[in-house]
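Here is a short report on a protein with a ligand. Look at the sequence and structure first, then read on.

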Amino acid sequence: MKTGLLLIGCIYILSLLPACVSNVEEELYPPETCDTSQVTYSLTIAPIIEQNCFACHGGEATISGIPLEGYDNLKTMVDAGRLVGAVRHLSGFSAMPKDAPQLPECKLLQIEKWVNDGAPNN
Ligand code: HEC
């Protein structure tokens, strides 16, 4: 009986442990240490879009009707001036990702850097 309780106690404490380790990128790498010096489409931007936007913008037949998969599709939205406004939640734009928290500041800075660089296919 005592051993059983001890075991349950141990499992309970173990289950709490992961909460002590922060996986939130923004807390681990606050914006002031955000690296925007090596932003590229393939290594920085495409993964952000894939992880946060493909649920509705992946493939050609998307839920949103706006494909963002692949450079050409994303560039079309950049050229239309819709990308930064949407992820920055500026007025006049649909806030993206839809029905989800805004992207971490560092990712926003990286997207803006890439767009300001002319959104190169690098
Ligand atoms: C849950 C679904 C969903 C997710 C996730 C999502 N979008 Fe959207 N997005 C939509 C829908 C639907 C629209 C069409 C406009 C509307 O209904 O608001 C849209 C529209 C847009 C537009 C056009 C906005 C405008 O004002 O012209 C852009 C740009 C965009 N999304 C970018 C993104 C980006 C970048 C991400 C990821 C960071 C993202 N979306 C994540 C559903 C989504």
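## Around the ligand

By class, the shell around the ligand holds 12 nonpolar, 4 polar and 2 charged residues. Here Ala, Val, Leu, Ile, Met, Phe, Trp, Tyr, Cys and Pro count as nonpolar, Asp, Glu, Lys and Arg as charged, and the others, Gly among them, as polar. This is a predicted model: local features need pLDDT of at least 70, side-chain atom pairs count only at pLDDT 80 or more, and totals for chains, interfaces and linings use all residues. Residues are numbered from 1 along each chain as its sequence is written, and side-chain values use heavy atoms, with hydrogens and water left out.

Of the 18 residues around the ligand, Cys53, Cys56, His57, Arg82 and Met96 come nearest; a residue is near if one of its heavy atoms lies within 4 Å. Helix α3 (41-57) gives the most to the shell, with 4 residues. Helices are DSSP runs (H or I, at least four residues), numbered from the N terminus.

## Polar contacts

A polar contact is a pair of N or O atoms within 3.5 Å. A polar side-chain atom of histidine 57 lies 2.7 Å from a ligand nitrogen atom. Arginine 82 has a side-chain N or O atom 2.7 Å from a ligand oxygen atom. For lysine 98, the distance from a polar side-chain atom to a ligand oxygen atom is 2.8 Å.

## The disulfide

Cysteine 34 and cysteine 106 form a disulfide, with sulfur atoms 2.1 Å apart; the cut-off is within 2.5 Å. Cysteine 34 lies in the loop between α2 (25-28) and α3, and cysteine 106 in helix α6 (residues 105-116), so the pair ties together parts 72 residues apart in sequence.

Key. Polar contact = N/O pair within 3.5 Å; in protein donor to acceptor, adjacent residues only side chain to side chain. Helix = DSSP H or I, 4+ residues; strand = E, 2+ residues; numbered from the N terminus.
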